[in-house]
2 protein chains.
Amino acid sequence: MDRPTLISDKWRAGYAAERLAEFTARCRARGLAITPQRVAVMRVLVNSGDHPRAEAVFAKVRREYPNISLATVHRTLETLCAIGEARKVTPLHDSARYDGNTAPHHHVVCVRCRKIRDIEMPEFSDLLHGRQTLGGFQLLGCSVEVHALCRECRSAAAKEA
Amino acid sequence: MDRPTLISDKWRAGYAAERLAEFTARCRARGLAITPQRVAVMRVLVNSGDHPRAEAVFAKVRREYPNISLATVHRTLETLCAIGEARKVTPLHDSARYDGNTAPHHHVVCVRCRKIRDIEMPEFSDLLHGRQTLGGFQLLGCSVEVHALCRECRSAAAKEA
DNA sequence: TAGCGGATGATAATAATTATCATCCACGAT
DNA sequence: ATCGTGGATGATAATTATTATCATCCGCTA
């Protein structure tokens, strides 16, 4: 049914071990200091089967480094995203965005400037209508959000690099 | 190219007019008072081509009702969502969620409890790999977020109703 | 038209995140 | 191995988004 669509924990565990082994090397290559706090945050994140918020990472890292600051966890997570070692699941966490269009449709979101556009993409619906569930989730009333880069941000990002 | 995937503004305009005409009737049917503020928020939202945050709706409504409170706008938008006259584009706006898995994959999100699961769904990638852009958005590095209801929340929601 | 109950406006409270800044420590040079 | 420096951290304040509180107001039914 929907087993095969779930990414197995077994696979994640192996993946985590591999990622951690390379982490210090990657930091060094990017000129980032290897601090115990940074490594701890990375380890906790990469070992998480769920998709934790800063607070949750903080709680776990704290068990090993009782003096770590929540601000450091926030900073570190953002750093990890910036260097490509992690990513935010959603770029739209800052403030709620509302849509008056209740007809079924989907969205593309620019991960940089957070612009949103409605899209007509029957392919998604076709794809999903074929299934009742997805990883145990009931697909009734689902909507798809595609994360991408808008035209402006694409050129802007190119200039930065 | 990607024109056909965009929902046209022309269509939206017609849709907005239709929605507004039925709004008061729907409020009445649900036992909600028809206040000028409520109608104004609904009108601004449904006329918005973009996907505004509360602050943006507030700014527009304020031009007509200078005394309206930002809290009222927040409340009204949530009410509209609750009765199905609008929806939040993302259910994950409250706090940022991080993912240590940088391998390309997608997510299902429970719109009720905000649980997130990684999903392996090559169909999405196949669908998107065929296109370079989507509504002017560059699809490199995109990720898909499917909004749905998890098993627990589905039964919980069923009880409520 | 009266009056009840929901809706609103003003404001305080809460939650998440970011900014500030003094201290600290990882790391390359010595 | 030691030193000096710049980035990293911890403590804290500030900001931003949102929700709660509560007295007043007004849409709606009788």
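**Exercise 1. Find which residue of E4(A) stands opposite A:Val109, then describe the strands around this pair.**

Solution. In this predicted model, A:Val109 has A:Ile116 of E4(A) opposite it.

Step 1. Place the strands. Strand E3 of chain A covers residues 106-110 and is joined to E4(A) by 4 bridges. The two strands run antiparallel.

Step 2. The hairpin of E3(A) and E4(A) has 5 residues between the strands. In this hairpin A:Arg114 has a positive phi near 70 degrees.

Step 3. Sort the side chains of strand E4 (residues 116-119) of chain A. A:Ile116 and A:Asp118 point one way, while A:Arg117 and A:Ile119 point the other way. All of these residues are buried. A residue counts as buried if 20 or more other C-beta atoms lie within 10 Å of its own.

**Exercise 2. Describe the overall build of chain A: how many helices and strands does chain A have, and which domains are assigned?**

Solution. 

Step 1. Count the elements. There are 6 helices and 6 strands in chain A. Read from the N terminus, their order is α-α-α-α-β-β-β-β-α-β-β-α.

Step 2. Divide the chain. The domain assignment places domain 1 at 3-82 and domain 2 at 106-160 of chain A. Their C-alpha centres are 26 Å apart.

Step 3. The C-alpha trace of chain A spans about 50 × 45 × 25 Å along its principal axes.

Step 4. Consider burial and contacts. Of the 161 residues in chain A, 35% are buried. Take the contacts in chain A between residues at least 6 apart in sequence: 49% of them join residues at least 24 apart.

**Exercise 3. Identify the residues with the most contacts inside the largest nonpolar core, and list the contacts of A:Val41 beyond its neighbours in sequence.**

Solution. 

Step 1. The largest nonpolar core has 54 residues. Those with the most contacts inside this core are A:Val41, A:Leu45, A:Val57, A:Leu77, A:Ala148 and B:Ala148.

Step 2. Set aside the neighbours of A:Val41 within four places in sequence. A:Val41 is then in contact with A:Val57, A:Val61, A:Val73, A:Thr76 and A:Leu77.

Step 3. Note the second, separate core. This one has 17 residues, including B:Met42, B:Val57, B:Phe58 and B:Ala86.

**Exercise 4. Describe the contact between chain A and chain B: how many residues does each chain put into it?**

Solution. 

Step 1. Chain A contributes 62 residues and chain B contributes 62 residues. On the side of chain A, strand E6 (residues 137-150) gives the most, with 13 residues.

Step 2. Sort the side of chain A that touches chain B by class: 29 residues are nonpolar, 17 are polar and 16 are charged.

Step 3. Find a strand pair between the chains. Strand E1 (residues 87-88) of chain A pairs with strand E2 (residues 98-99) of chain B in the antiparallel sense, over 2 bridges. A:Arg87 has B:Asp99 as its bridge partner in E2(B).

**Exercise 5. State which residues come nearest to DNA strand C and which are closest to DNA strand D.**

Solution. 

Step 1. Around DNA strand C there are 28 residues, of which A:Ile34, B:Gln37, B:Thr72, B:Ser95 and B:Ala96 come nearest.

Step 2. DNA strand D is surrounded by 27 residues, the closest being A:Ser69, A:Thr72, A:Ser95, A:Ala96 and B:Ile34. Helix H2 (36-47) and helix H4 (70-82) of chain A, with helix H3 (54-64) and helix H4 (70-82) of chain B, each give two or more residues to this surface. By class, the surface near DNA strand D has 11 nonpolar, 10 polar and 6 charged residues.

Technical notes: Residues numbered from 1 in each chain as written. Chains lettered and ligands numbered in written order. Predicted model: local features only at pLDDT ≥ 70, side-chain atom pairs only at ≥ 80, totals over all residues. Contact = placed C-beta atoms within 7 Å. Nonpolar A, V, L, I, M, F, W, Y, C, P; charged D, E, K, R; others polar. Pairing = 2+ DSSP bridges. Near = placed C-beta within 6 Å. Domains from an automatic or database assignment. Core = buried A, V, L, I, M, F, W, Y, C linked by C-beta atoms within 7 Å. Buried ≥ 20, exposed ≤ 12 C-beta atoms within 10 Å, placed from the backbone.
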